[in-house]
Protein chains: 2
Amino acid sequence: MTTLFEEVFVMTLPTTTKAIGFYEGFELKGDQPGFQDLVLPMPVLKAQDLLVQVQAVSVNPVDTKQRQTQVKTTKPRILGFDGVGQVVAKGEAVADFALGDMVYYAGTTKRPGSNMAYQAIDSRLVAEKPTTLDVNASAALPLTSLTAWELLFEKLGFTPAPGANQGQKILVVNGAGGVGSMLMQLAKWSGLRVYATASNQNFDWLMQYGADVTLDYHQNIAEQLRAVDIVNVDGIAILYNPTNYFQMAADLIKPFGHIASLVDVQTLPIGLLKPKSASFDWEFMFTKSDYNVNMASQGRILQQVAQLVDQGVLKSTLREVIPGINAQTLTQAHRQIEGGHTKGKIVLSGEF
Amino acid sequence: MTTLFEEVFVMTLPTTTKAIGFYEGFELKGDQPGFQDLVLPMPVLKAQDLLVQVQAVSVNPVDTKQRQTQVKTTKPRILGFDGVGQVVAKGEAVADFALGDMVYYAGTTKRPGSNMAYQAIDSRLVAEKPTTLDVNASAALPLTSLTAWELLFEKLGFTPAPGANQGQKILVVNGAGGVGSMLMQLAKWSGLRVYATASNQNFDWLMQYGADVTLDYHQNIAEQLRAVDIVNVDGIAILYNPTNYFQMAADLIKPFGHIASLVDVQTLPIGLLKPKSASFDWEFMFTKSDYNVNMASQGRILQQVAQLVDQGVLKSTLREVIPGINAQTLTQAHRQIEGGHTKGKIVLSGEF
C-alpha cells in the first residue's frame, strides 16, 4: 500500500519539532515569562491522526483567553486553532488523505494546537485547503468558518444550500469580526437578507462581506431597522457579549425564532423570550471535539467551505500576514487581538 | 349549501349567553368581588369561527395566574382555556366542521374563553373530540396535550411518530402535573425512555402515565440516575420553576441537547450550557394564537391526540368532575389549583 513517495516523506521526518508554548497563564505586560520557543519530541500519531507540517496559523480570541487563564502546567501548553500545512505522515486508519495533501483545520483545545512545526491532528477535523487560496489566506478560515456555519445551519436552523432561505432575514450583531465576516457571507449565499451591525467606519467591510443593510451599533438598532421597514427578523446572531443586546433581540425576534451567541456570559434575562416561545442557542465550536460527538461534520463543513471559496462565493477574511511563526510574532498577534476592534484575521506564516 | 339541519340549529339559538366573568384581578380571599355569573350578548362570529355550546371546561394554572393579574376592565374578562361542546353555528369560511360536531380546543387568551355557554372560537384551533371519551374526560386534554406535544416535538426536536425516538432518553421534571402526565405518554409513544420526577407518593401516577423510571424530586436527581447507569439524557423538560433545576439540567444534558421549560422566570444561568453547545427553549402554548403564526397546527395536533386516545395510546388525566359551570364551582376549582400538588385535571361539567 505504501508508495515510494510516502516512504520518502516518512524517512525524512525529524525527531523533534519546534513549538511555541508556555507553562502558566500570563498577561501581555512584558514583565512575566510569556511565550517560549521550544523544541519538543515529535508527536505520536493515533490511528485517525494526520501529522501536518504547519506553514501558516491564525490567532483567534480563544487563543488570548486560553493564554490568560491557563493553569500552571509542567507540560508546555501549545495554542493555535487555525492551521494550514502539508500532510507528512498519517495513522493507519486514515483513508481519505494522502501524504503531500495541503490541508486546513481548526482542531481541538484538548491536544497541542497549530503553534508547532509538526502537529498531530484528528483527520476527521481536517479538509483539503481551498485550491484557489494560498496558505495564508486559507489559515484565516477554519475556526471562524466552522463557527459561522454551525451557528447558522445547526443552531439558527437555516438551510445550508444556495438561496435556500430566500425571504428570511437575519440580524448579525458585530458583523465585522472574524466570525461575523464569514457568517454574513454564508448567510447571503444561503438566501438570507443580512442586517449587520458595526461602527460606521466598518460599513464598507460589512458590505464587502455580505451585509445587505448596515446598522450603527452606537445607535438604536430597532429604530434603524424600522427606518427600512423591518419590524422583526427570523434569526439573530449576537457575536458579542449578549447582555446589552438581549432586550433588543427579544423585541426583534419573530415568534418561535432562535437567538444564538458565542460570547461567555453567566446569566441572561431569558424570560424575555417566553411570550414568543423563542429559543436561545450557544454555538461553541469545540463542543464536538471536547465530547467526541459528530467530529467528522467539521471536516465536511471545511470541505464545503473550500468548495465555496474555490467557486468564488466566499472570500478569506485575511487582513495581515506577520512573517515567521515564533514567540515574538505570536506575542505581537495576541497583542493586536487583545487591542480589540480588529476586523479580519491576523496570520503568522513561514518558518518556525 | 345550507342544509335543513343547519337551519334548525341556527334558528334555535338564543340571543344571550350565560358566562362567568370578572372585572379586575383578585385573590381568593372571599372579601373581594370574585367571579360573577353574567348574561352577555351572543358572540358575533368571524368568518373562520365556530360557535360552540360549551358542555365541559377544565381549569389550568394559566387561569389562576390571569385571574390574579387582570387589570381593571369595563368589559368582563372570561377565562377558560379548555372547552368541549357542540358546534351550533359557524362562519362562512369554515369548511371542515359541521353543525352538531362535538369538538375540543384550548383556544386563545386574546378572546373570551370557554367559561361561557356559547363561545366563539377560531376553527383552526379546534378538532373533533376523541370518540371514545365523554365530554368530561375530553375537557381535561387540550391545553396540556398541545403544550406537551409542542414542547416534545417542536421544541426538544423529537420525532412525533410511534417508536421514532427509540434509544433516546428524556428527563421530565414534575411528571405528575397536568402537562407532565400528557408529555410522558407522548414521549413513551414516540419511543423515548422516560425518566420522571415527582414526590414518591406520586410514583404510581408517574408509572401509569408513561414513566419508565421514577425519581424522587426531594433527592439528588443525578445520583438517582447514576444508580440506574444513566449519566446523561437527550432532552430535558422542566415543568416547574427551572431556577433550582438548571445546574442539574446543565450537568445531565447531552452535548447539543435541548432543555425546555414553560414556567415564568426572569433570568437563568444560561452560561452553564455553553460548554455543551446546548439550547434553552420556551414552550408557550398561546404564542401561535397571540401572533397568528401557524395556528392551524394546533387543530392538527388535537386531531392526532384524539386519534391516539381512540387507539388506546393516550389516556385522559381527568381526576375530578365538579358538576355545574358557574361562579361558585369555578371558584372551587381555582382554589384547588392554587393549593398546588394536584395531579390530574379538574373539570367543570353540565349546565351554566
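How many Å² is the area buried between chain B and chain A, and what percentage of it do carbon and sulfur atoms give?

Modeller: The model is predicted. The area buried between chain B and chain A is about 2600 Å², and carbon and sulfur atoms account for 60% of that area. Three residues, B:Phe256, B:Lys274 and B:Trp282, supply 26% of the area that chain B buries against chain A, more than any other three residues. The contact draws 29 residues from chain B and 29 residues from chain A.

The side of chain B that touches chain A receives two or more residues from each of strand 12 (253-261), strand 13 (279-282) and helix 9 (287-291) of chain B. The largest share, four residues, comes from strand 13 of chain B. By class, this side of chain B has 15 nonpolar, seven polar and seven charged residues.

Strand 13 also links the two chains by strand pairing. Strand 13 (residues 279-282) of chain A and strand 13 of chain B pair in the antiparallel sense over three bridges. Within this pairing, A:Phe280 has B:Phe280 as its bridge partner.

A:Phe256 lies in strand 12 (residues 253-261) of chain A and has a positive phi of about 70° although it is not a glycine. Most residues other than glycine have a negative phi. With a relative accessible area of 23%, A:Phe256 counts as partly exposed, because that class begins where the buried class, under 20%, ends. A second residue of chain A with a positive phi, near 65°, is A:Asp229, which is likewise not a glycine. A:Asp229 is placed in the loop between helix 7 (221-226) and strand 11 (233-238) of chain A, and at 69% relative accessibility A:Asp229 counts as exposed.

For context, two further strands may be described. In chain B, five of the five residues of strand 15 (residues 345-349) are buried, so this strand is largely enclosed by the rest of the structure. B:Lys345, B:Val347 and B:Ser349 point one way from strand 15, while B:Ile346 and B:Leu348 point the other way. Strand 15 of chain B is joined to strand 3 (residues 49-58) of chain B by three bridges in an antiparallel arrangement, and pairs in the parallel sense with strand 14 (residues 318-323) of chain B over five bridges. B:Val347 takes part in both pairings: B:Ser58 stands opposite B:Val347, and B:Val321 has B:Val347 as its bridge partner.

In chain A, strand 6 (residues 118-122) has five of its five residues buried and is therefore largely enclosed by the rest of the structure. Both faces of strand 6 are covered, with A:Tyr118, A:Ala120 and A:Asp122 on one side and A:Gln119 and A:Ile121 on the other. Strand 3 (residues 49-58) of chain A pairs with strand 6 of chain A in the antiparallel sense over five bridges, and there A:Asp122 is the bridge partner of A:Asp49.

Terms used:
Residues numbered from 1 in each chain as written. Chains lettered and ligands numbered in written order. Predicted model: local features only at pLDDT ≥ 70, side-chain atom pairs only at ≥ 80, totals over all residues. Heavy atoms only, no water. Contact = heavy atoms within 4.5 Å. Buried area = accessible area lost by both parts, 1.4 Å probe. Nonpolar A, V, L, I, M, F, W, Y, C, P; charged D, E, K, R; others polar. Pairing = 2+ DSSP bridges. Buried < 20%, exposed > 50% of the residue type's maximum accessible area, 1.4 Å probe, protein only.
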